[in-house]
Amino acid sequence: MSQREWIEKDFYKELGVSSGASQDEIKKAYRKLARDLHPDSNPGDTKAEERFKAVSEANAVLSDPAKRKEYDETRRLFAGGGGRGYGGGFTPGGGGGFSQEFNLGDIFGQPGGPGAGDGGLGDILGGLFNRGGRASSRPRRGADVETETTLGFREAAQGVTVPLRMTSPSPCTTCHGSGAKPGTSPRVCPHCNGAGVVSRNQGAFGFSEPCDDCRGTGSIIDDPCTDCAGTGIQNRTRTITVRIPPGVSDGQKIRLAGQGEAGLRGAPSGDLYVTVHVSQDKVFGRQGDDLTLVLPVSYAELVLGTTVSVPTLEGRVGVKVPPGTADGRILRVRGRGVPKRGPAGGAGDLLVTVKVAVPQALDADATEALKRYQEAEKASGFDPRAGWAGA
Ligand SMILES: [Zn+2]
Ligand SMILES: [Zn+2]
């Protein structure tokens, strides 16, 4: 049973006693009802069963003097007793502006908690106000800033340090972000006592709103810094050096904590997000951490096999093309791809796709030799379209 139901139920009515009944009267009333409504005496009677449960529930609360006291107090506070604004304010999302569904258990359900003893209405609501106030008076962090940079293919793969020039609000160098003229300092706002928010009461409940006197900052500046007009912020062009980690890919966003806009009057700065564009490379392509490369070969090289020297991000590597390699086959060179990000380290692979380069023209000797080869190939029984038999 929730605390809410607890408030709404009338346990006295369930037991048929007055709210002023003695413990003895409650005990007697319960015993009689329990006997009459017991499921053993009323087999199959669901109504009696329901009532039996309700009566047991009521007795569990009212027969215990401590629980009964809490129940009485709760009903007096929230169930309309005294007319102190139960309507609207309490209902989550209701019209009272207090939409947070608070846990009534915090207030009176737990032994030793506020209100469990003889704490009054003021204590309970005071707790609610403070909770709301703290949540909404966090310091105002500076805004996040976005920028972009374009890297060369190899720079992105291997990591690079680049300078980024940005114009953005920064803490004022004259007042170090305080907004107060050097030699003076801001004073605590007397209206909100530095909280930046004030509580407004509506019925039994209240809600917080930013303080007008200090515009929610919690402090008042009597002598504003002339360089930043008291805001603590100056527009400055700055160049920051950004270390781009290896393996960044096109379109990726990198977050640089604390490099964004300065916060108001010394609050923490926002973050800087750099979107990285990666330009194409003439030789390499990328598939995640794998580097791709198309290796032009001659027909003879595929048939007879060869070893070809191919470029990598660092130096060259010999790639063995086995005899009888099909055109378009991908040969994998382990660990020669893009450095992997993250603590595990390592690198992806280099994927080499072989592709036959067909000569546009041959001299007489080569043409003659090729014709002789063609005859010999036919005589050996090779049919490139053998798989089409019957098609
Ligand atoms: Zn200043
Ligand atoms: Zn204030």
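Okay, housekeeping before we look at anything. Residues are numbered from 1 along each chain as its sequence is written, and chains are lettered from A and ligands numbered from 1 in the order in which they are written. Since the model is predicted, local features need pLDDT of at least 70, side-chain atom pairs count only at pLDDT 80 or more, and totals for chains, interfaces and linings use all residues, while side-chain values use heavy atoms, with hydrogens and water left out.

So, the big picture. The protein has 10 helices and 15 strands; those are DSSP runs numbered from the N terminus, H or I with at least four residues for helices, E with at least two for strands. Of its 391 residues, 33% count as buried. Buried here is under 20% relative accessible area, exposed is over 50%, and partly exposed is in between, using a 1.4 Å probe and protein chains only. Now contacts, meaning heavy atoms within 4.5 Å. Taking contacts with a separation of 6 or more, 64% of them join residues 24 or more positions apart.

On to the cysteines. Residues 172-179 are 0% helix and 0% strand, with end C-alpha atoms 8 Å apart. Residues 225-232 are also 0% helix and 0% strand, and there too the ends lie 8 Å apart.

Which cysteines does the entry mark as a "binding site"? One such annotation in the unreviewed UniProt entry covers C172, C175, C225 and C228. They are spread over 57 residues of sequence, but the largest C-alpha distance among them is 9.0 Å, so in space they cluster.

Let's zoom in on that group. C172 sits in the loop between β2 (160-171) and β3 (187-188), and C172 is buried at 1% relative accessible area. Beyond its neighbours within four places in sequence, C172 is in contact with G177, C225, D227, C228, G232, I233 and Q234. C175 is in the loop between β2 and β3 as well, buried at 6%. C175's contacts, again outside four places in sequence, are A180, C225, C228 and G232.

C211 lies in the loop between β5 (205-210) and β6 (219-220) and is buried, at 1% relative accessibility. Not counting residues within four places, C211 is in contact with C189, H191, C192, G196, V197, V198 and G216. C214 is in the loop between β5 and β6, with a relative accessible area of 4%, so buried. With that same exclusion, C214 touches C189, C192, G196, S219 and I220.

And how many disulfides does a search of the whole structure find? It finds 0, where a disulfide is a pair of cysteine sulfur atoms within 2.5 Å.

I26, A29, L33, A34 and L37 are the buried ones in α3. Down the axis, the buried residues fall within an arc of 130°, so they line one face of the helix. That arc is taken from the directions from the helix axis to the C-beta atoms. Turned away from the buried side are the exposed residues K28, R31 and R35.

Last stop, D271. It sits in the loop between β8 (253-256) and β9 (272-278), and D271 is buried, with 7% relative accessible area. Its side chain reaches the backbone nitrogen of G258 at 2.9 Å. R255, in strand β8, makes a side-chain to side-chain polar contact with D271 at 2.9 Å. A polar contact is a pair of N or O atoms within 3.5 Å; within protein, one must be able to donate a hydrogen and the other to accept it, and residues adjacent in sequence count only if both atoms are side-chain atoms. The C-alpha atoms of R255 and V274, 19 residues apart along the chain, are separated by 6.5 Å.

Note on methods:
UniProt positions are given in the numbering used here, feature names are shortened, and annotations may be inferred rather than shown by experiment.
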